[in-house]
Amino acid sequence: MVLLKQPERSPKECQDPELTGFLPHKFLIQDLLFARRVDASPTVQGHALSCLAQCLELPSLNATQAVHNLFSATGNPTILDSELPEGTVRCQNTQKTFQTLPFRTVDLSSANSSASDAAKENVALLLCRVKDSRTNVRKAALQAVLGLLKYNVIPLTWENLETLAERSRDTSVSVKKKALQCVGELLVAKPESRLVQKAWLLGVLPAVMDSEDSVQQKALEALEQVLLSQVKPYSASCHVDTSQKLCWDLLELLSQECKNLSRYFSRAFSIWSKQEKFTRALITNLISHTEADHAVGAWLLLSKVVFSSPRVSYNKILDAWDKMITSQDMNVTTCCLILSVMGDIAAHLNNDTKDRIVADLMTWLKTFSLRLEVISAALETLYHFGSRQDVEQTQDFLNHHCGELLSTCEAYLTSIILREHGDENLNENLMIKHLHTLGVASLHCPAKVSKKTILLVESLLIPVKPAEYQEELPASLPLSQFKQNSMPTRVKAHGVLALGKLCLQHEDLIPKYLPVLARELEVGTDVSVRNNIVMVMCDLCIRCTNMAVHYIPNISACLRDDNSVIREQTLIMLTNLLQEEYVKWKGSLFFRFVVALVDPVPTIASLCEYCLLHRLLKKNPEMFSQHFIECIFHFNSYGKHKSYNKFPQTEREKIWFSLKGAKHHDKRFRIYRFLLENLTDAQRFNITNKINLTVLACFADEELPLDADGAEILSETFQVLSLKEMKLQMISSPEGEAGEDAEEESPATMAKAVMQAAQRKVVSQVHKKAFMMNTAPLIISLKSLLEQKRSPVLRDLMDYLKVLMKDNHTEVKELLGDEQLVAEVEFALKMENERLMQQLMDGCSLAADSPGSAQSPPSRPRPLEPFRFATPQQKRLNSTSTRKTRSDCHVPPSGPEKPVPSKSVALDGTGMTTRAINNRAFSTPDGTRLTLTFNEGLSTILSDPASIAAGSREVLDVSSEEPRAGASR
């Protein structure tokens, strides 16, 4: 970075021509700095990404172009005179700041396809670093992405912005704060971008409800600075600056496209109300904006603050109410916000004004011309105007006014349902509005709901009865039971919601209609009807838990519905019930829930992951470990175990939720990996021991038959044990990783590293003891059994042992205690290494450089990633004479000799074991092309004995047949 801050030197200033390639800023950025993004050290990765972000701030035009070329397939960006800011001096020798270089994203042609792929790969890698497991790397990657977005190096797409905003919900507090800082800086740099505004709202608003107080406070400060502090008195002749325009744009987004974030927004205002931040001047300023073009934003803020603010003059609000009542094309969102404000100020109005507004509301509602959202808001406002200190007076008010609405709705339904040809002139929208008004009004006056009203709503859903059973029907049933039910699907869907509201206020109706709704959920074909049934049944689980909980299997079966809308709705509703503990993880509910992790719709799979990790796992940390082993049996539809997979299921449900077979193998292991990744080391250790006792021991003792199904279970068990996610992280992770990640964050890093080393040693000893006592005897017994039965599962058992041997060769060799088994595993490992080496050598190129050979264009060398491997060994011959004939000319003399410089090629980053060097072999790291020019008479490529004696293992000696000086022949 020190060199990059200096002006770029000209090649003429360099005396050595070979060093001129190291002078350009492009080399420093692309070949040195950016190459460290894949360094083995997370600290180096973090510093490299941080420096990359700083390069965009440098005054060097070449440096900024080099960064641009990494992430864009275009060449040097063209700067038009019209694009240059005023006052920019056009001088070829003058260094320009990056702000004068407006990069543009250009469509790529087919000629630049390779450059385009490289740029996309670099962008994808950087976005992956944002989700890295190390805190420092994530923070540095966020800063780098911010710089690239800020200076138009990468496009402002929603994918890139969402990646930045989502880090405000990171597991690390420092990353959360960094993400909030980044979206704030990006909003300042791009205040007019609507996508940036949405990303800012997505990043800041959820942080208001963060569990960490410091993150919550930072989000509240950002909201106050951008929104509350920008509310100034409105005047038509007053100029609205950029900050004020941004404030109203954000509020407009919240009221329209980002309504799903309103809960977080309300939480912010509830915190501010306790801090008394809503002054009389703020309310007055907001009221002045209700007549502006951005009035919807002003009404949104008023609906949040007017309830807890000092009393002011409400004349303009009442004028807006009168205008809304008489208007024919009022915006729905604005209407709902005005109704909310009117309900909040109801307590401050006199009785005459209240009576006038109540009369206006009743007249407005009886027209049944309002949108459904406005009907709900109007009835809520009516409730506020009828609220009294005396509860009986409040209920009398609601019984009078809401009961009047119920009578009107009942009369309309009677005219349509009970008349002979009433449904022929059915107005679908009018019918829906009557049903919606009936349902909402019934919640305020349950005593005014008659039995006739209930039967009228029921008649919209009950299927046609056969003719032979008509005589058994009670006379009280409506006429629709005796004729074809031809109501449109939308009417039926709203009828379900109305019936659900009636059941909420009349508990005696729940046992009657729950079976009807469950049956319709199973056999119905209308998506909207079934979706609303799921919502109603989940609400009834809250109202009458003991009764409705028996229908949870019917609800959870919708997680495998053909329609994605129903699957998503069911997932959300079940999460709410589980989070509030109205429903427990009983029966097959957990296994049906986690199946959503492999849903074909990525958004549903992501939603399921979020619900499990951030909502449900915190409530029950043992949830994953308790159900993990049973997942193996359940998803393979194996029911012969005495304990697992014994809960009742219908055949249809078994088929729906089964992931049995090779075609679902990847889905099953995606679920296994997700569960294992979110377990603690203690839980992994207990699961491994439990698998030994309840699965492997059952097969070893032949309690479970080793038939086709049993072989699949045993095979899958060994594959699960072989997963890297099953390994104890404290043992398998590098020792310096944790300390390096916190290297610059805590002064107590050394003490923490010592403690971790001690814990690692203790855990390793306990793990070895458990393996010796539990796993090793079962493995030996199962191997003997599988060999006797000639089962193909033996291959999976050997693969499991190979995984163990790779990680802890010496320890496993001692713990197994079976020399033959150890020899077999070592032989299998040897063959696998030879196969891998053969694949590696096939990808390598050894070619002689000839003068006439075509020279490929120079390309930027890729950095060597950390790579270690051992060359597979050939079988050694026992004959001493044979060994002499092959290597006698390379044996060093017994006496001392002078060091002779050898012809050697150093392979940086390649580690080779002593056994590998002692034999004839040649190896190169993956991705490295090595070109050698062989001299005449070259016979072998062998290691230099002198270098081996000196401890070097990274030098290969290219030796010719000419004898070495001083060597014995």
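A residue counts as buried here when its relative accessible area is under 20%. Keep that cut-off in mind, since it comes back several times as we walk through this predicted model.

Start with helix H10, which runs over residues 242–255. Its buried residues are Gln-244, Leu-246, Cys-247, Trp-248, Asp-249, Leu-250, Leu-251, Leu-253, Leu-254 and Ser-255. That makes 10 of the 14 residues of H10 buried, so the helix is largely enclosed by the rest of the structure. As for its length, H10 reaches 20 Å from its first C-alpha to its last, close to the 20 Å expected at 1.5 Å a residue.

Now zoom out for a moment. The protein chain holds 42 helices and 5 strands. Of its 969 residues, 46% are buried. If you take the contacts in the chain with a separation of 6 or more, 70% of them are between residues 24 or more positions apart.

Two packed helices are described by the angle between their axes and the distance between the axes. Take helix H6 (residues 158–166) and helix H8 (residues 194–204): their axes come within 9 Å and cross at roughly 25°. Angles under 35 degrees count as roughly parallel, and H6 and H8 are therefore roughly parallel to each other. Their crossing is right-handed. On the H6 side, the contact is made by Trp-158, Leu-161, Glu-162 and Ala-165, while H8 brings Leu-195, Val-196, Lys-198, Ala-199, Leu-202 and Gly-203. Sorted by class, the contact of H6 with H8 has 7 nonpolar, 1 polar and 2 charged residues. If you're wondering about the spacing of such residues along a helix, an α-helix has 3.6 residues a turn, so residues three or four places apart point the same way.

H17 passes H18 in a right-handed crossing. From H17, the residues that make the contact are Leu-379, Leu-382, Tyr-383, Phe-385 and Gly-386; from H18, they are Thr-394, Phe-397, Leu-398, His-401, Cys-402 and Leu-405. These residues divide into 8 nonpolar, 3 polar and no charged.

Next, some single residues. Ile-317 sits in helix H14 (residues 315–326). Is Ile-317 buried or exposed? Its relative accessibility is 1%, so Ile-317 counts as buried. Setting aside its neighbours within four places in sequence, Ile-317 is in contact with Ile-287, Trp-299, Val-341, Met-342 and Ile-345. Ile-345 is 28 residues away from Ile-317 in sequence, and the two are 9.5 Å apart in space, C-alpha to C-alpha.

Asn-546, found in helix H24 (residues 545–548), gives another picture. Asn-546 has a relative accessible area of 67%, so it is exposed. From Asn-546 to Val-583 there are 37 residues in sequence and 9.8 Å in space, again C-alpha to C-alpha.

Finally, a look at the backbone. Most residues other than glycine have a negative phi, and most peptide bonds are trans. Glu-276 is not a glycine, yet has a positive phi of about 55°. Glu-276 lies in the loop between helix H11 (262–274) and helix H12 (280–288), and at 68% relative accessibility it counts as exposed. Arg-790 also has a positive phi, of about 50°, although it is not a glycine. You'll find Arg-790 in the loop between helix H36 (749–789) and helix H37 (793–807). Its relative accessibility is 77%, so Arg-790 counts as exposed.

Note on methods: Residues numbered from 1 in each chain as written. Predicted model: local features only at pLDDT ≥ 70, side-chain atom pairs only at ≥ 80, totals over all residues. Heavy atoms only, no water. Helix = DSSP H or I, 4+ residues; strand = E, 2+ residues; numbered from the N terminus. Expected span 1.5 Å × (residues − 1). Buried < 20%, exposed > 50% of the residue type's maximum accessible area, 1.4 Å probe, protein only. Contact = heavy atoms within 4.5 Å. Axes fitted to C-alpha atoms, helices over the stretch in contact; angles between N-to-C directions. Parallel < 35°, antiparallel > 145°, perpendicular 65-115°, else oblique. Left-handed = near helix turned anticlockwise from the far one by under 90°. Nonpolar A, V, L, I, M, F, W, Y, C, P; charged D, E, K, R; others polar.
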